[in-house]
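Here are a few friendly notes to read alongside the model. Take them one at a time, with the structure open beside you.

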Amino acid sequence: MIMDGLYYLAGLMLIAGALFSLVAALGILRLPDFYSRMHAASKAGAVGSGLALLAIALVSFDAAVILRALLGIVFFMLTAPISAHLFARAAYIAGYRPAGGFALDEMNERPDAN
Amino acid sequence: MNLVFLVVTLSLVWAAVTGSFTVLNLLLGAAIGVGAGLFIRERIESPHLLLRLRRILSLALLFFTELALSAWRVAVLVLSPNMKQKIAPAIIAYPLTVSTDVQITLLAHLITLTPGTLSVDVAEDRRVLYIHALEMHDREALIASIKSGFEAKIIEAFQ
Amino acid sequence: MMSGPEFLHLATTISLGILTLALLLTVCKIVIGPSLPDRVLGLDMLVAVAIGYIVVIALRTGFMLYLDIAIALGLVGFLSTVAFARFILQRWEIDKAAQEDHREEARR
């Protein structure tokens, strides 16, 4: 009975993870400017693959697999923000700006701004 | 005490990564752990490791709840039909209180995973962090929430 | 009422369908662009969806070796995004230098 519950939970997590990936994909299509799209890709995307890994950890019943899945989750959580941050910085410095402009851009005022 | 703790943790992680929990493999992991521990000996000799560990754990918990919330908020925003009226993208300058590289990195990391904020760059003098906000309605409120949330916890965990 | 493993199998089928849709949408984004960072972001997203795909297939087939592949793909995807970010920066610097050369020549 408890085993069945675990399987149900894992199945729901898989579907939720897949839905988050779908929302992230929709987000990068729908959001109006590049920096906003980055939000969708870095958050929803990371949560999507993280939930799938968590589902594996729930139903594998094997310590090595569980630890590897958890390590994978930690790894994705660490790398997703780094790539988003680096990428936003590169795009900003290279002069990509949203078509509508920012409501407020305080980075513009810094001394080494381009 | 600290070194023992580190070696045990490292040998367990080693066994997990290599995928076999035999005695021989655990010993190999412990040997590598001792080597690594001797290598960074001066850095880990702090007296309140357990207390710090608890604070770091509470930080990690906050991190995961914020991540879940953040993904949810972005999902709702993307799926709402009048999305274009809702978002107000802005880059704001956040004045940093934390000063070391590790703390700034951690804060930037956590900010990226909070709802609607993404860290873009750190100023040359490390006093200001530039944050891109998806829905910027109140600049002061946003800064205050980060100051009292993540930054306070980081200072608590790393002093 | 389904048993647990049956439900899990159904869930993997549904997730594969949803992930396929996500994959197609991401490919659309990469094709329509419009700018270089948008396309790189699409590639980053593609890697994330592919990782989800591999993990679901690992659960469906029971080969846990796929898990290692997913983690390795995550590493490669991260490094490729970092490389692309550097590429964007470098290209901009080269462009700027070229423009300055051009201006100097025009002045002469």
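1. Chains B and C do not touch, and their nearest C-alpha atoms are 10 Å apart; contact here means heavy atoms within 4.5 Å. There are 2 pairs of chains in contact, and of these chains A and C share the most contacts.

2. A word on how to read this. This is a predicted model, in which local features need pLDDT of at least 70 and side-chain atom pairs count only at pLDDT 80 or more, while totals for chains, interfaces and linings use all residues. Residues are numbered from 1 along each chain as its sequence is written, chains are lettered from A and ligands numbered from 1 in the order in which they are written, and side-chain values use heavy atoms, with hydrogens and water left out.

3. Now look at where A meets C. The axes of helix α1 (residues 2-30) of chain A and helix α2 (residues 36-61) of chain C come within 11 Å and cross at roughly 165°. Helices (H or I, at least four residues) and strands (E, at least two) are DSSP runs, numbered from the N terminus. Axes are lines fitted to C-alpha atoms, for helices over the stretch in contact, and angles run from 0 to 180 degrees between N-to-C directions. The crossing angle therefore makes α1(A) roughly antiparallel to α2(C), a label for angles over 145 degrees. On the α1(A) side the contact includes L14(A), S21(A) and I28(A), and on the α2(C) side it includes M45(C) and V49(C).

4. Next, the sheet in chain B.

5. Zoom in on one pair: β2(B) and β3 (residues 128-133) of chain B are joined in the antiparallel sense over 5 bridges. Within this pairing, V122(B) stands opposite L129(B) of β3(B).

6. Finally, the record. An unreviewed UniProt entry lists residues 6-29, 41-59 and 65-88 of chain A as "transmembrane region"; such annotations may be inferred rather than shown by experiment. In the model, residues 41-59 of chain A are 100% helix, with end C-alpha atoms 28 Å apart. Residues 65-88 of chain A are also 100% helix, and their end C-alpha atoms lie 34 Å apart.

Key: Two strands pair if DSSP finds at least two bridges between them. Angles under 35 degrees count as roughly parallel, over 145 as roughly antiparallel, 65 to 115 as roughly perpendicular and the rest as oblique.
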